[in-house]
Amino acid sequence: MNSENTSSYFKRHIFFCLNERKSGEVSCAQHNAQAAFDHCKNRVKELGLAGLGQVRVNKAGCLDRCSGGPVAVVYPEGVWYSYVDHADIDEIVQSHLKNGQVVERLVTPEHLGR
């Protein structure tokens, strides 16, 4: 395991909101969140970043940041991202998940909640 984070099973987790609101209220699922999740999971595997001491890509229900959606959050840093397409996901994977550099242009504005 990586010496900079020896107490964690995974170095980083990225959680994708895949929530779909039945009420018709805007939700991440309406913005192709499942496809983004699938793409991220594939890219992490392709780059050899998946597994113990590395990166875990997870599904999540509502993360309560709907107005910024679709959203994903990376831990342990707690960085929230709003993304549009697979190119954005690729940038998050390469820059943040692989190299530890936050993609500032995709950070969800703090004031955006539900």
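Strand E3, residues 71-75, runs antiparallel to E4, and 4 bridges join the two. The model you are looking at is predicted.

Now step back to the whole sheet. It is open and built from 4 strands in the order E2-E1-E3-E4, with mixed pairing. Strands E2 (55-60) and E4 (79-82) stand at the edges; each has a single partner strand, so one side of each is left without a neighbour in the sheet. From one strand to the next, the twist averages 20 degrees.

Two helices pack on this sheet. Helix H1 (residues 33-46) touches strand E1 (12-17) and E2, and its direction makes about 165 degrees with that of E2. Helix H2 (residues 86-98) touches E1, E2, E3 and E4, and its direction makes about 160 degrees with that of E1.

The loops deserve a visit too. Most residues other than glycine have a negative phi, and most peptide bonds are trans. With that in mind, look at the loop between E2 and E3, where Pro 70 lies. The peptide bond from Gly 69 to Pro 70 is cis, with omega near 0 degrees. Asp 64 sits in the loop between E2 and E3 as well; its phi is positive, near 65 degrees, and the residue is partly exposed, at 41% relative accessible area.

Another cis peptide bond joins Tyr 75 and Pro 76, with omega about 25 degrees, and Pro 76 belongs to the loop between E3 and E4. Finally, in the loop between E1 and H1 you will find Asn 32. Asn 32 has a positive phi of about 60 degrees and is exposed, with a relative accessible area of 58%.

Definitions and conventions. Residues are numbered from 1 along each chain as its sequence is written. This is a predicted model: local features need pLDDT of at least 70, side-chain atom pairs count only at pLDDT 80 or more; totals for chains, interfaces and linings use all residues. Side-chain values use heavy atoms; hydrogens and water are left out. Two strands pair if DSSP finds at least two bridges between them. Axes are lines fitted to C-alpha atoms, for helices over the stretch in contact, and angles run from 0 to 180 degrees between N-to-C directions. Contact means heavy atoms within 4.5 Å. Buried means under 20% relative accessible area, exposed over 50%, partly exposed in between (1.4 Å probe, protein chains only).
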